[in-house]
Amino acid sequence: MTTLKQIKGTAIQFLDADPVVYAGTWASGGSLNTAVNASGASNAGTQTASINFAGNANPYPTVTAAAESYNGTSWGPISSMGTARWILSSFGTQTAAVGVSGVTDVNAVLPTTAVEQWNGTSWTEVAELTTNRHAAGGFGTTTAGLIVGGQSRPGSPPGTPVTYRANVEAWNGTAWTETTDINTARDTMFSFGINTSGLIANGQTPTLVSNAESWNGSSWTEVAESNTTRYSGGAAGSSNTLGLIFGGYGPSYSSQTESWDGTSWTELNNLANTVANLKGSGSVTSALAYAGTTGSASAATEEWSFPPATASTLQEGDMWFNSSSSTLKGYGTAAGIPAATWATGGTLNAGHGYGTGFGSQTAAVCCFGGYPTHTNNTETYNGTAWTEVNEGNTARRNLGSFGILTSGLAFGGGPPFGVDLTESWNGTSWTEVNDLPTTVYNNRGIGASSSSGLSIGGVDAATPGKSKKANEWNGTSWTAISDMGTIRESGSAANAGSTTAALVFGGESPSQTVNTELWNGSSWTELNNLNTARSDAGGNGISTQALCFGGSTPSAPPYQATINEFWNGTSWTELNDLGTGIANGIAPAGGATSGLASGGQSAPATQNTVSQEFTASAAVSTVTTS
C-alpha cells in the first residue's frame, strides 16, 4: 500500500473541502416582471443594484416606458419614463441614470432626440441630444457620460438610407458637447467604461464591424479585435482595460462571453441563453445580464460571478487530502481527456471536401474546397449552426489556412495545382494579399490570426514534388524559413500554434508517416511519433497540447479514418474516436480539449457536411493506490 510520504515531487494540501476552479460562470437571477427587448439600462450599476427601462415588450410591436429595479434577488417596478421608446442609449447607476434618444414606435422613421434623467425616484426631461440617432453606445455617469456612434434616420420618405454615425457627444449633467469622433462609424456596438476611460467593440454599418476602439478621455485608438464579431450584445466594465461583452447577434443569437484586459480578448464561459439586444452592468468579476430577445422579448436575468477571494482554487497539477471525506485527490486535464468523446455539431450548408478552415469550437470558418467541382464558398459557425457568408475571391481546394473567426488567412491550392494566391479574411470578407513565394498545394497552416503564421509542406513547384519547405507570414508578406526535417504532403499541424512554437505531424513522405517535429522559431526538432501513420488528418491545438484526428491510413478501405490521438507535449495517446471517419481537407478549429472537425470527405466521393465537436475539461479525480 502506498502512503502519502511515498508520493514524491508533489506538494499535498490538507483541506476541509475540495478547492474550486477560479473562473467566472453565469447563473440564473431573478426574472424581470415584463419581458423587454432593446431597452435602456444603468450600465454603471452593479450585480445587486441595477435598473432597466423602456424597450420593446411582448406582444410585438408594443413599445413601453416602464422601468424596473434589481436588488440582487428580484426585480420590482419603479416610475416609468415620460416617453415610451426602444433602441435607446443609456448610462448611469441604479439611482442616477440617463436614457437617451431611441425610437418611439417600431415603425417610426425618425428617432426622438429627447433625453430623460433618473434621480432614484422619478424621471425628468433634460437637454436634448444634439444629433438625431438611436442604437448608439453609451457609458459614464449622470454628470460625466458619453453617447457614441449610432444610426440616424432622415425622417422621410420611408426607405431613405440611414446614416451610420461616428460622432460622439459628452454629457456634463446639464448640456451636450461634441467631442472626438470614433474611427469607424457604427451602431449597436458593445460599450463600457467611464467618460475618461472606455471601450467600444464590434457593431454594424450595416455589415458587421469587427474592430474595437479604446477611449482615453480625449481620443480613440484602435485595439485588438474580439474573437467573435457580433453586435447588439451586453457589456459590463469599469475602464478601457477591464470589461466583459456577452451575447448579441453574430450572425445568429449568441451566448458567447469575452473579457478584455487592455491588450487582448479571452473567451470565457457562455451565457446559459443565446440572446441579443440584452443589457449589462457590473464588472469583470461580478456582472449582470438581462432583457433582450431570443426571438421574442426576454425577461431572463443571468449573474456572472467568480468564487470568493477566500476560496481555495484549483490549478492544474494540484493534489490535496480532503480531511472531511478522508480522500486523496488530484486535478488535471489528463484526468478528463480519456473520458471525452466526439459529439455531432451543426450541419454545413454545402460540402467542403478538400477545403480548409480555422477558428474555435464555437466561432469557426469552413471555406473553399468542393469535390469534384471546387468552390469559393465560406461558412461561419456559432457553436450551433453554420451560416453562408461572403465568398472568397478565387475558387480552389487542397489549400492551407490559419486564424480565428474574425482574422484568418488562406493560401495555396488549386486547380491549377498549385497556386501562390493568398487571401485574408476579416470576419466579413476576403481580400487578396501578397502571394506565397512559390506555387503549392496540399500545404497546411499554423497560426492564431491573419497577422502571423506558417505554411508548411505540400507539393511545391520549386522543389519540385512533395516538399519539406516552410514559409512564414508576418501580416504583410511571406518569407522562407528553414526546411522541415521530413517531407510532408497533406500533413497535419496544431492549427493554433505560433511562428515560434509550431507542431507538425503525419503526411505523405512519400509514403504515409508517423513523424512529428517542432519549430521553435529558428530550427526543427524531431519528437515522439504518432501511433498511426496517416495523411490528410485534422490537427487542433498548440505545440504542448494537440489533437490529430481522422485522415487516410495506409490500410484500405475505408480511407477515411476515425482514429483520434492526443499530444501532451511529449507523446501521443489514442483517445475516443470520431463518430464519422473523415479525411481530405478537414477544417480544424479549436484546441485539444475543445475542438471542432468539419468539412473534408466522409467517403472517397462523398463530401462531409456534418461537424463533430470534441470536449474534454480538466477534472478532479480520486487518487487510488494498490
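Q: Which strands form the open sheet, and in what order?
A: Four strands make up that open sheet, lined up as E13-E14-E17-E18, with antiparallel pairing. Keep in mind that this is a predicted model.

Q: OK, and which strands are at the edges?
A: Strand E13 (137-141) and strand E18 (176-179) are the edge strands, since each of them pairs on one side only.

Q: What about the twist?
A: From one strand to the next, the twist averages 20°.

Q: How many bridges join E17 to E18?
A: Four bridges join strand E17 (residues 168-171) to E18, and the two run antiparallel. As an example of who faces whom, Trp171 has Trp176 in E18 as its bridge partner.

Q: Let's switch to E10. Which way do its residues point?
A: In strand E10 (residues 97-100), Ala97 and Gly99 point one way, while Val98 and Val100 point the other way.

Q: What does E10 pair with on the E9 side?
A: Strand E9 (residues 89-92) is joined to E10 by four bridges, and they run antiparallel. E9 and E10 form a hairpin, with four residues between them.

Q: And what about E11?
A: E10 also pairs with strand E11 (residues 115-118), in the antiparallel sense over four bridges.

Q: So what stands opposite Val98?
A: Phe91 stands opposite Val98, and Val98 stands opposite Gln117 in E11.

Q: New topic: how many aromatic pairs are there in the whole structure?
A: A search of the whole structure turns up 27 aromatic pairs. Take Trp26 and Trp304: their pair is tilted, at 5.3 Å centre to centre with 50° between the planes.

Q: Where do those two sit?
A: Trp26 is in strand E3 (residues 25-28) and Trp304 is in strand E29 (residues 301-305), so the pair ties together parts that are 278 residues apart in sequence.

Q: Why do they count as buried?
A: Buried means under 20% relative accessible area. Trp26 counts as buried because its relative accessibility is 11%, and Trp304 counts as buried because its value is 0%.

Q: What about Trp473 and Trp478?
A: Their ring centres are 5.3 Å apart and their planes are at 50°, so that pair is tilted. Both Trp473 and Trp478 are buried.

Q: Which rings link into a cluster?
A: Phe358, Phe368, Trp425 and Trp430 are linked into a cluster by ring pairs. Arg396 lies over the face of Phe368, at 5.2 Å from the ring centre.

Q: Which residues touch the most other members in the largest nonpolar core?
A: That core has 13 residues, and Trp342, Leu547, Phe549, Leu578, Ala597 and Phe614 touch the most other members. Leaving out residues up to four places away in sequence, Trp342 touches a list of residues including Leu547, Asn564, Gly579 and Gln612.

Q: Last one: where is Thr532?
A: Thr532 is in the loop between strand E52 (524-527) and strand E53 (538-542). Thr532 counts as buried because its relative accessibility is 17%.

Key: Residues numbered from 1 in each chain as written. Predicted model: local features only at pLDDT ≥ 70, side-chain atom pairs only at ≥ 80, totals over all residues. Heavy atoms only, no water. Buried < 20%, exposed > 50% of the residue type's maximum accessible area, 1.4 Å probe, protein only. Phe/Tyr/Trp six-rings, centres within 6.5 Å; stacked < 30°, edge-to-face > 60°. Lys NZ or Arg CZ within 6 Å of the ring centre and 35° of its normal. Pairing = 2+ DSSP bridges. Core = buried A, V, L, I, M, F, W, Y, C linked by side-chain atoms within 4.5 Å. Contact = heavy atoms within 4.5 Å. Axes fitted to C-alpha atoms, helices over the stretch in contact; angles between N-to-C directions.
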